[in-house]
Amino acid sequence: FMIEWGAIRRILRASRGDSLIMIATFLATLFLPLEFAVLAGILVSMARFIVQTSMPGVYSVLPDADFRHLAYQPGQSSCLQLAVMTIQGPLYFGAAHHCEEAIRANLERNPHQRFLLLKMNTVDHCDVSGIQMLESIVRLYRQRGGDVFVMRASRAVRERMKLTGFEDMLGQDHFLKEDEAIGHLFYRRLDPAVCIYECPVRAWQECQNLPKHVYPGGLPLSYRGVDSLVADIEPQALWHQLRQGGSPPLVIDVREPVEFKRGHIPEAQLIPMPGLLTQTPDLPTDRPIVFVCRTGRRGARVVTALKEHGYSNIRILRGGMLAWEAAGLLEAVDL
């Protein structure tokens, strides 16, 4: 006999797609010449492949209970600022639109997630259409005040990104190592005020020891456009003013005590941001004041609020403590 019943049963158990190919080939064999029957099986197989690869899985992932692996967990609450999404398949012309729509849909569901980390270890091919899709996503996030980062892109995909100019558009520092990616974004990009005062979720390992506070009536935390409306001072300029004698500016650190203890400018006074926003401030008006936080966003919020109370000679440290350290002023930091 030419029919292998064991092989047929095995195919039927394997998957619906394989079963469909087998049945189509069998029916074509009954009604068409053998060579056309084989061709029909090949065409059905190709059609199945195109359908599968044109709709790869694109979904958000979160750490497991041990924070060792990122996995699809639809029942888990997501981070308020950062989305980590994986693409399960090649990024070619047939799949680019589907991937872009999935990423845009996730952003619509989570409009506060200004940062996107793409996990691309299963993307083994990326053509020009895929590159154009990635460029469109980068522009979308940057227009909303956020950014896009990539981790675990294969050598072939990185080479295609380099040849098409996408690598330069995104930036070399936006390609992150998997074991460092979340930590880098958490400490260098995410807004700590959102983490502490707005977001109740502890999605990442870095969140576990972070103070979480909820205040009656909430806090005025909207930062869109605030950073560009307040006066600031460069780290080097502040450093010189604090050491030139006379009447140096008053430096107020608006971070949480746990952050302040890790390192701060020695001359700074600690007054956490909620104390300045929820109570009537009692600050001197006869000397300049510089507000310091990690990145500058909390300081910008404080300055914006204090202007409504009549304070005018107030500024923030541009770039916050991250910029202070980057300027090589570590000798002026208590540890």
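Predicted model: local features only at pLDDT ≥ 70, side-chain atom pairs only at ≥ 80, totals over all residues.
Leaving aside neighbours within four places in sequence, Arg298 is in contact with Pro192, Ala193, Ile196, Tyr197, Val254, Arg255, Glu256, Glu259, Met273 and Cys293. Arg298 itself lies in helix 13, residues 297–307. Is Arg298 buried or exposed? Its relative accessibility is 1%, so Arg298 counts as buried. Now display the side chain of Glu259 as well: a polar contact of 2.9 Å joins it to the side chain of Arg298.

**Next stop: strand 9**

Select residues 250–253, which make up strand 9.

Strand 11, residues 289–292, pairs with strand 9 in the parallel sense over 4 bridges, and Val251 stands opposite Val290. Strand 10, residues 269–270, also runs parallel to strand 9 and is joined to it by 2 bridges. Look there for Ile252, which stands opposite Gln269. Then colour helix 11, residues 257–262: together with strand 9 and strand 10, this helix makes a right-handed β-α-β unit.

Which order do the strands take in the open sheet? Its 5 strands follow the order 1-4-5-6-7, with mixed pairing. The edges are strand 1 (57–60) and strand 7 (175–176), each of which pairs on one side only. Select strand 1 together with strand 4, residues 82–88: the two run antiparallel and are joined by 4 bridges. Within this pairing, the bridge partner of Tyr59 is Thr86 in strand 4.

**Last stop: the rings**

How many aromatic pairs does a search of the whole structure find? There are 3. For one of them, show Tyr59 and Tyr72: the ring centres are 4.8 Å apart and the planes meet at 50°, so this pair is tilted. Tyr59 lies in strand 1 and Tyr72 in the loop between strand 3 (70–71) and strand 4, so the pair ties together parts that are 13 residues apart in sequence. Another pair, Phe186 and Tyr187, is edge-to-face, with 5.1 Å centre to centre and 85° between the planes. Phe186 is buried at 4% relative accessibility, while Tyr187 is partly exposed at 42%.

Finally, select Phe175 and Arg158: Arg158 lies over the face of the Phe175 ring, at 3.9 Å from the ring centre.

How values were computed. Residues numbered from 1 in each chain as written. Heavy atoms only, no water. Pairing = 2+ DSSP bridges. Buried < 20%, exposed > 50% of the residue type's maximum accessible area, 1.4 Å probe, protein only. Right-handed = clockwise from strand over helix to strand, strands pointing away. Polar contact = N/O pair within 3.5 Å; in protein donor to acceptor, adjacent residues only side chain to side chain. Contact = heavy atoms within 4.5 Å. Phe/Tyr/Trp six-rings, centres within 6.5 Å; stacked < 30°, edge-to-face > 60°. Lys NZ or Arg CZ within 6 Å of the ring centre and 35° of its normal.
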